[in-house]
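I set out to look up a few local features of this model and to record each one in turn.

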Amino acid sequence: MIFDDKLHEECGVFGAVVNNREASGLTYNALSALQHRGQEGAGIASLNGSAILYHKDLGLVSEVFSKSVLSRLPESNMAIGHVRYSTTGANCVQNVQPVVTEYLRGRLATAHNGNIVNAGAIKERLQSYGCDFAATNDTEVISSLIAYEALHTDSIEQAVINAVRQLRGAFSLVILSSKNKLIAVRDGFGMRPLCLGRSDHGIAVASESCALDSSNFQFERDVKPGEMIVIEADGSMKSSIVLEENRTAFCLFEYIYFARSDSEIDHLSVYQAHFNMGRQLAREFPVEADMVCGVPDSGLDAAAGYAFESGIPLGSGFTKNRYIGRSFIFPTQTQRDNAVRLKLNPLKANIRGKRLVVVDDSIVRGTTSARTVKMLRDAGAAEVHMRISAPPFTHTCHFGTDIDDESKLIANKMSIEETAKFIGADSLGYISIEGIKQACDGCSLDLCTGCFDGNYPMDIGHHKKSEFEC
Ligand code: SF4
(Lines give C-alpha, C1' and ligand atoms only; values in the text may rest on other atoms or scores of the structure.)
Protein backbone atom coordinates (compact mmCIF):
# COMPACT_ATOMS: atom_id res chain seq x y z
CA MET A 1 0.00 0.00 0.00
CA ILE A 2 1.21 3.48 -0.84
CA PHE A 3 1.94 5.75 2.08
CA ASP A 4 4.85 7.78 0.78
CA ASP A 5 3.85 8.60 -2.81
CA LYS A 6 6.45 6.34 -4.39
CA LEU A 7 5.86 3.09 -6.19
CA HIS A 8 6.94 0.12 -4.21
CA GLU A 9 8.74 -3.03 -5.13
CA GLU A 10 6.91 -6.14 -6.05
CA CYS A 11 8.07 -9.59 -5.07
CA GLY A 12 11.22 -11.61 -5.61
CA VAL A 13 11.49 -15.38 -6.12
CA PHE A 14 14.38 -17.83 -6.00
CA GLY A 15 14.86 -21.58 -6.14
CA ALA A 16 17.91 -23.86 -6.14
CA VAL A 17 18.70 -27.54 -6.67
CA VAL A 18 22.24 -28.44 -5.52
CA ASN A 19 24.19 -31.54 -4.56
CA ASN A 20 25.84 -30.21 -1.39
CA ARG A 21 22.87 -29.78 1.01
CA GLU A 22 23.29 -25.98 0.97
CA ALA A 23 20.09 -24.97 -0.85
CA SER A 24 18.52 -23.23 2.17
CA GLY A 25 21.59 -21.09 2.90
CA LEU A 26 21.98 -20.16 -0.78
CA THR A 27 18.32 -19.17 -0.83
CA TYR A 28 18.90 -16.89 2.17
CA ASN A 29 21.77 -15.16 0.32
CA ALA A 30 19.67 -14.79 -2.81
CA LEU A 31 16.70 -13.35 -0.92
CA SER A 32 19.02 -10.79 0.70
CA ALA A 33 20.04 -9.70 -2.82
CA LEU A 34 16.36 -9.49 -3.82
CA GLN A 35 15.37 -7.46 -0.76
CA HIS A 36 14.77 -4.37 -2.93
CA ARG A 37 11.80 -6.18 -4.53
CA GLY A 38 9.85 -6.59 -1.29
CA GLN A 39 10.35 -5.70 2.33
CA GLU A 40 7.13 -6.78 4.00
CA GLY A 41 7.81 -10.47 4.41
CA ALA A 42 10.17 -13.30 3.52
CA GLY A 43 10.19 -17.08 3.57
CA ILE A 44 12.15 -20.19 2.65
CA ALA A 45 10.76 -23.70 2.01
CA SER A 46 13.12 -26.69 1.78
CA LEU A 47 12.57 -30.28 0.78
CA ASN A 48 13.55 -32.92 3.32
CA GLY A 49 12.71 -36.40 2.10
CA SER A 50 9.08 -36.00 1.10
CA ALA A 51 8.44 -33.29 3.73
CA ILE A 52 8.49 -29.58 2.96
CA LEU A 53 9.86 -27.61 5.91
CA TYR A 54 9.42 -23.85 5.87
CA HIS A 55 9.89 -20.69 7.83
CA LYS A 56 8.28 -17.37 6.89
CA ASP A 57 7.26 -14.18 8.63
CA LEU A 58 6.71 -10.47 8.25
CA GLY A 59 9.81 -8.30 8.02
CA LEU A 60 13.10 -7.96 6.20
CA VAL A 61 15.07 -11.07 5.29
CA SER A 62 17.55 -10.36 8.11
CA GLU A 63 14.68 -9.94 10.60
CA VAL A 64 12.77 -13.06 9.54
CA PHE A 65 15.95 -15.17 9.47
CA SER A 66 17.68 -14.20 12.70
CA LYS A 67 20.92 -15.92 13.63
CA SER A 68 19.11 -18.61 15.60
CA VAL A 69 16.54 -19.25 12.85
CA LEU A 70 19.32 -19.39 10.26
CA SER A 71 21.23 -21.94 12.29
CA ARG A 72 18.09 -24.11 12.34
CA LEU A 73 17.42 -23.97 8.58
CA PRO A 74 17.38 -27.57 7.35
CA GLU A 75 20.23 -28.83 5.22
CA SER A 76 18.67 -29.59 1.90
CA ASN A 77 19.39 -30.04 -1.78
CA MET A 78 16.23 -28.23 -2.88
CA ALA A 79 14.79 -24.97 -1.60
CA ILE A 80 12.77 -22.00 -2.78
CA GLY A 81 12.32 -18.54 -1.28
CA HIS A 82 10.33 -15.36 -1.62
CA VAL A 83 10.42 -11.70 -0.57
CA ARG A 84 7.08 -9.97 -0.56
CA TYR A 85 5.54 -6.60 -1.11
CA SER A 86 1.72 -6.61 -1.06
CA THR A 87 0.12 -4.44 -3.71
CA THR A 88 -3.12 -4.16 -1.75
CA GLY A 89 -4.83 -5.80 1.19
CA ALA A 90 -3.59 -7.37 4.33
CA ASN A 91 0.05 -7.43 5.25
CA CYS A 92 -0.27 -10.50 7.44
CA VAL A 93 1.80 -13.63 7.95
CA GLN A 94 -0.78 -15.82 6.15
CA ASN A 95 0.02 -13.92 2.96
CA VAL A 96 3.78 -14.35 3.23
CA GLN A 97 5.22 -16.86 0.77
CA PRO A 98 6.13 -19.56 -0.13
CA VAL A 99 2.60 -20.93 0.20
CA VAL A 100 2.72 -24.59 1.26
CA THR A 101 -0.19 -26.77 0.10
CA GLU A 102 -0.91 -30.37 1.10
CA TYR A 103 -3.04 -32.59 -1.10
CA LEU A 104 -3.88 -36.27 -1.19
CA ARG A 105 -0.85 -37.25 -3.26
CA GLY A 106 1.80 -34.92 -1.90
CA ARG A 107 2.86 -31.39 -0.96
CA LEU A 108 4.04 -28.37 -2.82
CA ALA A 109 5.39 -24.93 -1.99
CA THR A 110 4.79 -22.02 -4.35
CA ALA A 111 6.49 -18.63 -4.69
CA HIS A 112 5.07 -16.09 -7.13
CA ASN A 113 5.88 -12.66 -8.52
CA GLY A 114 3.11 -10.94 -10.43
CA ASN A 115 -0.65 -10.68 -10.27
CA ILE A 116 -3.35 -13.06 -11.48
CA VAL A 117 -6.24 -11.13 -12.95
CA ASN A 118 -8.75 -14.03 -12.81
CA ALA A 119 -7.72 -15.34 -9.36
CA GLY A 120 -11.16 -14.48 -7.90
CA ALA A 121 -13.04 -16.62 -10.39
CA ILE A 122 -10.63 -19.56 -9.94
CA LYS A 123 -10.88 -19.29 -6.17
CA GLU A 124 -14.68 -19.39 -6.29
CA ARG A 125 -14.56 -22.48 -8.47
CA LEU A 126 -12.09 -24.24 -6.16
CA GLN A 127 -14.23 -23.31 -3.15
CA SER A 128 -17.22 -24.90 -4.84
CA TYR A 129 -15.13 -28.12 -4.99
CA GLY A 130 -14.50 -27.85 -1.23
CA CYS A 131 -11.05 -26.16 -1.15
CA ASP A 132 -10.32 -24.00 1.92
CA PHE A 133 -8.28 -20.80 1.78
CA ALA A 134 -6.43 -19.20 4.68
CA ALA A 135 -4.80 -16.27 2.88
CA THR A 136 -5.99 -13.46 0.60
CA ASN A 137 -3.22 -13.69 -1.97
CA ASP A 138 -3.39 -15.09 -5.47
CA THR A 139 -0.44 -17.38 -4.80
CA GLU A 140 -2.58 -19.57 -2.57
CA VAL A 141 -5.07 -19.80 -5.44
CA ILE A 142 -2.29 -20.89 -7.84
CA SER A 143 -0.93 -23.43 -5.36
CA SER A 144 -4.41 -24.87 -4.69
CA LEU A 145 -5.15 -25.01 -8.41
CA ILE A 146 -1.94 -26.99 -9.05
CA ALA A 147 -2.83 -29.34 -6.14
CA TYR A 148 -6.35 -29.79 -7.55
CA GLU A 149 -4.96 -30.56 -11.01
CA ALA A 150 -2.43 -32.96 -9.42
CA LEU A 151 -5.35 -35.09 -8.23
CA HIS A 152 -6.31 -35.69 -11.87
CA THR A 153 -2.94 -36.64 -13.32
CA ASP A 154 0.05 -38.71 -12.17
CA SER A 155 2.53 -36.09 -13.28
CA ILE A 156 3.19 -32.92 -11.25
CA GLU A 157 4.59 -31.28 -14.41
CA GLN A 158 1.29 -31.89 -16.20
CA ALA A 159 -0.62 -30.57 -13.18
CA VAL A 160 1.43 -27.34 -13.33
CA ILE A 161 0.83 -27.04 -17.10
CA ASN A 162 -2.90 -27.60 -16.65
CA ALA A 163 -2.98 -25.00 -13.89
CA VAL A 164 -0.94 -22.22 -15.52
CA ARG A 165 -2.99 -22.52 -18.71
CA GLN A 166 -5.98 -21.32 -16.68
CA LEU A 167 -4.21 -18.22 -15.32
CA ARG A 168 -4.60 -14.74 -16.80
CA GLY A 169 -2.07 -12.16 -15.73
CA ALA A 170 1.59 -11.84 -14.87
CA PHE A 171 3.49 -14.62 -13.16
CA SER A 172 6.98 -15.81 -12.57
CA LEU A 173 6.52 -18.93 -10.46
CA VAL A 174 8.89 -21.19 -8.58
CA ILE A 175 7.34 -24.40 -7.25
CA LEU A 176 8.89 -27.02 -4.98
CA SER A 177 7.23 -30.43 -5.17
CA SER A 178 7.47 -33.33 -2.72
CA LYS A 179 7.97 -35.41 -5.90
CA ASN A 180 11.62 -34.23 -5.79
CA LYS A 181 11.25 -31.57 -8.46
CA LEU A 182 11.67 -27.84 -8.66
CA ILE A 183 9.54 -26.25 -11.37
CA ALA A 184 9.77 -22.69 -12.70
CA VAL A 185 7.31 -21.05 -15.11
CA ARG A 186 7.23 -17.58 -16.68
CA ASP A 187 3.94 -16.31 -18.11
CA GLY A 188 3.49 -16.24 -21.88
CA PHE A 189 3.95 -12.46 -22.10
CA GLY A 190 7.16 -12.56 -20.03
CA MET A 191 5.83 -9.72 -17.90
CA ARG A 192 7.98 -10.35 -14.83
CA PRO A 193 11.65 -11.31 -14.91
CA LEU A 194 12.98 -14.81 -14.29
CA CYS A 195 16.45 -16.12 -15.06
CA LEU A 196 18.48 -19.29 -14.80
CA GLY A 197 21.97 -19.86 -13.42
CA ARG A 198 24.40 -22.71 -12.84
CA SER A 199 27.24 -23.49 -10.47
CA ASP A 200 29.50 -26.50 -9.98
CA HIS A 201 26.92 -27.74 -7.48
CA GLY A 202 23.64 -27.21 -9.28
CA ILE A 203 21.04 -24.99 -10.92
CA ALA A 204 19.08 -21.97 -9.69
CA VAL A 205 16.27 -19.74 -10.91
CA ALA A 206 15.82 -16.17 -9.69
CA SER A 207 13.84 -13.00 -10.33
CA GLU A 208 17.05 -11.13 -11.09
CA SER A 209 20.61 -12.02 -12.00
CA CYS A 210 21.93 -10.10 -8.95
CA ALA A 211 20.47 -12.93 -6.81
CA LEU A 212 22.41 -15.52 -8.83
CA ASP A 213 25.61 -13.52 -8.32
CA SER A 214 25.02 -13.36 -4.57
CA SER A 215 24.47 -17.09 -4.28
CA ASN A 216 27.46 -18.05 -6.46
CA PHE A 217 25.57 -19.14 -9.54
CA GLN A 218 26.66 -18.01 -13.00
CA PHE A 219 23.91 -16.37 -15.00
CA GLU A 220 23.11 -18.66 -17.93
CA ARG A 221 20.03 -17.17 -19.58
CA ASP A 222 16.59 -15.66 -19.05
CA VAL A 223 13.67 -18.05 -18.77
CA LYS A 224 11.68 -17.52 -21.98
CA PRO A 225 8.10 -16.22 -21.96
CA GLY A 226 5.83 -19.25 -21.61
CA GLU A 227 8.71 -21.57 -20.69
CA MET A 228 8.49 -24.22 -17.98
CA ILE A 229 11.72 -25.54 -16.50
CA VAL A 230 11.73 -28.75 -14.48
CA ILE A 231 14.82 -29.52 -12.40
CA GLU A 232 15.18 -33.01 -10.94
CA ALA A 233 16.97 -33.92 -7.70
CA ASP A 234 19.96 -35.22 -9.70
CA GLY A 235 20.41 -31.79 -11.31
CA SER A 236 19.05 -32.74 -14.73
CA MET A 237 16.82 -30.15 -16.35
CA LYS A 238 14.04 -30.21 -18.94
CA SER A 239 12.59 -27.19 -20.67
CA SER A 240 9.43 -26.73 -22.74
CA ILE A 241 7.22 -23.91 -23.96
CA VAL A 242 3.84 -24.48 -22.33
CA LEU A 243 2.17 -21.08 -22.85
CA GLU A 244 2.00 -19.06 -26.05
CA GLU A 245 0.69 -15.54 -26.55
CA ASN A 246 0.57 -13.41 -29.67
CA ARG A 247 3.12 -10.94 -28.27
CA THR A 248 5.54 -10.44 -25.41
CA ALA A 249 5.18 -7.60 -22.87
CA PHE A 250 7.95 -7.19 -20.32
CA CYS A 251 7.10 -4.63 -17.64
CA LEU A 252 8.81 -1.36 -18.57
CA PHE A 253 8.77 -0.29 -14.97
CA GLU A 254 11.16 -3.11 -14.09
CA TYR A 255 13.84 -1.19 -16.02
CA ILE A 256 12.78 2.22 -14.68
CA TYR A 257 12.63 1.38 -11.01
CA PHE A 258 12.14 -2.15 -9.68
CA ALA A 259 15.19 -4.06 -10.80
CA ARG A 260 18.66 -3.55 -9.37
CA SER A 261 21.21 -1.74 -11.54
CA ASP A 262 23.59 -4.70 -11.50
CA SER A 263 20.97 -7.06 -12.92
CA GLU A 264 20.66 -7.93 -16.57
CA ILE A 265 17.16 -8.79 -17.79
CA ASP A 266 16.20 -10.09 -21.23
CA HIS A 267 19.56 -9.03 -22.69
CA LEU A 268 19.51 -5.46 -21.35
CA SER A 269 21.55 -4.30 -18.38
CA VAL A 270 19.35 -2.35 -15.96
CA TYR A 271 22.18 0.16 -15.45
CA GLN A 272 22.44 0.70 -19.21
CA ALA A 273 18.67 1.22 -19.43
CA HIS A 274 18.84 3.90 -16.68
CA PHE A 275 21.81 5.59 -18.35
CA ASN A 276 20.07 5.57 -21.75
CA MET A 277 16.93 7.07 -20.18
CA GLY A 278 19.02 9.95 -18.81
CA ARG A 279 20.61 10.54 -22.21
CA GLN A 280 17.21 10.53 -23.86
CA LEU A 281 15.84 12.98 -21.27
CA ALA A 282 18.73 15.35 -22.02
CA ARG A 283 17.87 15.19 -25.73
CA GLU A 284 14.16 15.73 -25.11
CA PHE A 285 14.43 18.36 -22.36
CA PRO A 286 17.70 20.32 -22.50
CA VAL A 287 18.19 23.21 -20.08
CA GLU A 288 21.03 25.52 -19.02
CA ALA A 289 22.25 24.44 -15.60
CA ASP A 290 25.34 24.16 -13.39
CA MET A 291 24.96 20.61 -12.09
CA VAL A 292 22.99 17.40 -12.71
CA CYS A 293 22.11 15.24 -9.70
CA GLY A 294 19.97 12.16 -9.24
CA VAL A 295 17.49 11.39 -6.47
CA PRO A 296 18.89 8.25 -4.78
CA ASP A 297 18.85 5.48 -5.65
CA SER A 298 17.15 4.90 -8.96
CA GLY A 299 17.66 8.47 -10.25
CA LEU A 300 21.46 8.26 -9.98
CA ASP A 301 22.27 6.26 -13.12
CA ALA A 302 19.80 8.27 -15.22
CA ALA A 303 21.40 11.48 -13.89
CA ALA A 304 24.78 10.17 -15.09
CA GLY A 305 23.25 9.66 -18.54
CA TYR A 306 21.77 13.17 -18.57
CA ALA A 307 25.15 14.66 -17.58
CA PHE A 308 26.96 12.60 -20.23
CA GLU A 309 24.62 13.72 -23.02
CA SER A 310 24.30 17.37 -21.96
CA GLY A 311 27.89 18.00 -20.90
CA ILE A 312 26.64 19.52 -17.62
CA PRO A 313 28.77 18.31 -14.66
CA LEU A 314 27.36 15.46 -12.58
CA GLY A 315 27.33 16.04 -8.82
CA SER A 316 25.78 14.78 -5.60
CA GLY A 317 22.68 16.61 -4.43
CA PHE A 318 21.71 14.40 -1.54
CA THR A 319 23.12 12.26 1.22
CA LYS A 320 21.12 9.11 1.83
CA ASN A 321 20.82 7.53 5.23
CA ARG A 322 21.33 3.88 4.34
CA TYR A 323 19.92 2.65 7.63
CA ILE A 324 16.42 4.11 7.29
CA GLY A 325 14.48 1.72 5.15
CA ARG A 326 10.74 1.66 5.30
CA SER A 327 9.11 5.05 5.81
CA PHE A 328 5.67 3.42 5.52
CA ILE A 329 5.95 1.80 8.94
CA PHE A 330 5.29 5.22 10.53
CA PRO A 331 1.61 5.51 11.38
CA THR A 332 0.98 9.27 10.96
CA GLN A 333 1.62 11.62 8.02
CA THR A 334 3.86 13.87 10.15
CA GLN A 335 6.01 10.90 11.13
CA ARG A 336 6.17 9.77 7.52
CA ASP A 337 7.18 13.26 6.37
CA ASN A 338 9.96 13.27 8.94
CA ALA A 339 11.00 9.78 7.89
CA VAL A 340 11.44 10.94 4.29
CA ARG A 341 13.72 13.73 5.56
CA LEU A 342 15.59 11.23 7.70
CA LYS A 343 16.15 9.14 4.60
CA LEU A 344 17.38 11.88 2.29
CA ASN A 345 19.14 15.12 3.19
CA PRO A 346 20.29 17.77 0.70
CA LEU A 347 24.02 18.28 0.37
CA LYS A 348 23.96 22.04 1.06
CA ALA A 349 27.63 22.72 0.31
CA ASN A 350 27.23 21.27 -3.18
CA ILE A 351 23.87 22.85 -3.98
CA ARG A 352 24.04 26.44 -2.74
CA GLY A 353 23.60 29.00 -5.54
CA LYS A 354 23.50 26.37 -8.31
CA ARG A 355 21.02 25.82 -11.11
CA LEU A 356 20.21 22.12 -10.75
CA VAL A 357 18.86 19.44 -13.06
CA VAL A 358 17.36 16.85 -10.72
CA VAL A 359 16.60 13.41 -12.17
CA ASP A 360 14.05 11.15 -10.46
CA ASP A 361 12.37 7.91 -11.56
CA SER A 362 8.68 8.83 -11.38
CA ILE A 363 5.96 11.14 -10.09
CA VAL A 364 2.83 9.49 -8.73
CA ARG A 365 0.82 12.06 -6.79
CA GLY A 366 3.49 14.75 -6.70
CA THR A 367 3.81 15.13 -2.93
CA THR A 368 7.25 13.50 -2.72
CA SER A 369 8.58 15.58 -5.63
CA ALA A 370 7.21 18.75 -3.98
CA ARG A 371 9.10 17.85 -0.78
CA THR A 372 12.28 17.12 -2.74
CA VAL A 373 12.16 20.45 -4.58
CA LYS A 374 11.45 22.35 -1.36
CA MET A 375 14.39 20.64 0.36
CA LEU A 376 16.70 21.72 -2.45
CA ARG A 377 15.43 25.29 -2.48
CA ASP A 378 15.72 25.51 1.32
CA ALA A 379 19.31 24.29 0.90
CA GLY A 380 20.02 27.25 -1.39
CA ALA A 381 19.51 25.91 -4.96
CA ALA A 382 19.11 28.83 -7.40
CA GLU A 383 16.93 26.82 -9.84
CA VAL A 384 15.48 23.29 -9.81
CA HIS A 385 14.66 21.60 -13.13
CA MET A 386 13.03 18.21 -12.57
CA ARG A 387 13.56 15.50 -15.17
CA ILE A 388 11.64 12.22 -14.82
CA SER A 389 12.87 8.97 -16.33
CA ALA A 390 9.32 7.52 -16.60
CA PRO A 391 6.51 8.90 -18.75
CA PRO A 392 3.52 10.29 -16.76
CA PHE A 393 1.38 7.61 -15.09
CA THR A 394 -2.16 7.79 -16.43
CA HIS A 395 -3.42 4.25 -15.74
CA THR A 396 -3.23 1.72 -12.95
CA CYS A 397 -1.46 -1.64 -13.23
CA HIS A 398 -3.22 -5.02 -13.09
CA PHE A 399 -0.05 -7.07 -13.13
CA GLY A 400 1.55 -6.65 -9.73
CA THR A 401 2.78 -3.06 -9.57
CA ASP A 402 1.37 -0.91 -6.82
CA ILE A 403 0.12 2.08 -8.84
CA ASP A 404 -2.36 4.40 -7.20
CA ASP A 405 -6.00 4.79 -8.11
CA GLU A 406 -6.22 6.57 -11.47
CA SER A 407 -8.13 9.49 -9.97
CA LYS A 408 -5.17 10.18 -7.65
CA LEU A 409 -2.46 10.19 -10.33
CA ILE A 410 -1.25 13.74 -10.80
CA ALA A 411 -0.97 13.36 -14.58
CA ASN A 412 -4.74 12.80 -14.71
CA LYS A 413 -5.41 15.95 -12.72
CA MET A 414 -2.91 18.53 -13.98
CA SER A 415 -1.02 19.55 -17.11
CA ILE A 416 2.78 19.29 -17.03
CA GLU A 417 3.04 23.07 -16.45
CA GLU A 418 0.54 22.85 -13.57
CA THR A 419 2.46 19.87 -12.12
CA ALA A 420 5.74 21.83 -12.30
CA LYS A 421 4.05 24.66 -10.40
CA PHE A 422 2.55 22.23 -7.86
CA ILE A 423 5.92 20.66 -7.07
CA GLY A 424 7.64 24.07 -7.11
CA ALA A 425 10.08 23.28 -9.96
CA ASP A 426 11.33 25.85 -12.49
CA SER A 427 10.70 23.30 -15.24
CA LEU A 428 9.56 19.69 -15.53
CA GLY A 429 10.18 17.13 -18.27
CA TYR A 430 9.03 13.50 -18.45
CA ILE A 431 10.69 11.13 -20.90
CA SER A 432 8.33 10.32 -23.78
CA ILE A 433 6.95 6.81 -24.34
CA GLU A 434 8.79 6.62 -27.66
CA GLY A 435 11.95 7.89 -25.95
CA ILE A 436 11.87 5.28 -23.22
CA LYS A 437 11.26 2.52 -25.75
CA GLN A 438 14.41 3.68 -27.54
CA ALA A 439 16.30 3.71 -24.23
CA CYS A 440 15.24 0.08 -23.66
CA ASP A 441 15.82 -0.95 -27.25
CA GLY A 442 18.28 -3.66 -26.13
CA CYS A 443 15.51 -5.65 -24.40
CA SER A 444 14.78 -8.80 -26.37
CA LEU A 445 11.05 -8.67 -25.52
CA ASP A 446 8.32 -6.17 -26.43
CA LEU A 447 7.47 -3.86 -23.55
CA CYS A 448 4.29 -3.33 -21.56
CA THR A 449 3.41 0.38 -21.43
CA GLY A 450 -0.06 -0.07 -19.91
CA CYS A 451 0.29 2.34 -17.00
CA PHE A 452 1.53 5.08 -19.34
CA ASP A 453 -0.89 4.72 -22.26
CA GLY A 454 -3.57 2.18 -21.23
CA ASN A 455 -2.33 -0.40 -23.77
CA TYR A 456 -2.37 -3.49 -21.60
CA PRO A 457 -1.12 -6.66 -23.25
CA MET A 458 -4.27 -8.61 -22.38
CA ASP A 459 -7.94 -7.97 -21.87
CA ILE A 460 -8.62 -7.25 -18.22
CA GLY A 461 -12.36 -7.86 -18.66
CA HIS A 462 -14.46 -7.26 -15.59
CA HIS A 463 -11.71 -8.24 -13.16
CA LYS A 464 -10.79 -5.66 -10.55
CA LYS A 465 -7.22 -4.75 -9.71
CA SER A 466 -7.81 -5.25 -6.01
CA GLU A 467 -9.17 -8.80 -6.20
CA PHE A 468 -5.92 -10.33 -5.11
CA GLU A 469 -2.37 -9.32 -4.65
CA CYS A 470 1.10 -10.73 -5.05
S1 SF4 B 1 1.05 -1.60 -16.53
FE2 SF4 B 1 3.02 -0.52 -16.09
S3 SF4 B 1 3.72 -1.34 -14.13
FE4 SF4 B 1 2.13 -2.72 -14.90
S5 SF4 B 1 3.22 -4.34 -15.99
FE6 SF4 B 1 2.69 -2.78 -17.51
S7 SF4 B 1 4.48 -1.38 -17.52
FE8 SF4 B 1 4.63 -2.63 -15.69
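The entries below record what I looked up.

**Basis.** I worked from a predicted model, in which local features need pLDDT of at least 70, side-chain atom pairs count only at pLDDT 80 or more, and totals for chains, interfaces and linings use all residues. Residues are numbered from 1 along each chain as its sequence is written, and side-chain values use heavy atoms, with hydrogens and water left out.

**Helix α5.** I took helices (H or I, at least four residues) and strands (E, at least two) as DSSP runs, numbered from the N terminus. Helix α5 covers residues 138–150, 13 residues in total, and I noted a reach of 18 Å from first C-alpha to last, close to the 18 Å expected at 1.5 Å a residue. The expected span is 1.5 Å times one less than the number of residues. I then checked burial, where buried means under 20% relative accessible area, exposed over 50%, and partly exposed in between (1.4 Å probe, protein chains only). Of the 13 residues of α5, 12 are buried, among them Asp138, Glu140 and Glu149. The cover over these buried residues includes β5 (99–103), β6 (106–116), α4 (119–128), α6 (156–164) and β7 (169–177).

**Glu157.** I found Glu157 in helix α6; it counts as buried because its relative accessibility is 13%. Leaving aside neighbours within four places in sequence, Glu157 is in contact (heavy atoms within 4.5 Å) with Lys181, Ile183, Met228, Val230, Glu232 and Lys238. Glu157 and Lys181 are 24 residues apart in sequence and 8.9 Å apart in space, C-alpha to C-alpha.

**Loop between β7 and β8.** Ser178 lies in this loop, with β8 at 181–186, and counts as buried at 10% relative accessibility. Asn180 belongs to the loop between β7 and β8 as well. I noted for Asn180 a positive phi of about 65°, although it is not a glycine. At 36% relative accessibility, Asn180 counts as partly exposed.

**Ligand.** Which residues surround the ligand? I listed Met191, Arg192, Cys251, Leu252, Phe253, Cys397, Phe399, Thr401, Cys448, Gly450 and Cys451, a residue being near if one of its heavy atoms lies within 4 Å. The elements giving two or more residues to this shell are α8 (252–258) and α16 (450–453).

**Cis peptide bonds.** I recorded a cis bond from Gln97 to Pro98, with omega near 5°. The bond from Pro296 to Asp297 is also cis, with omega near -5°.
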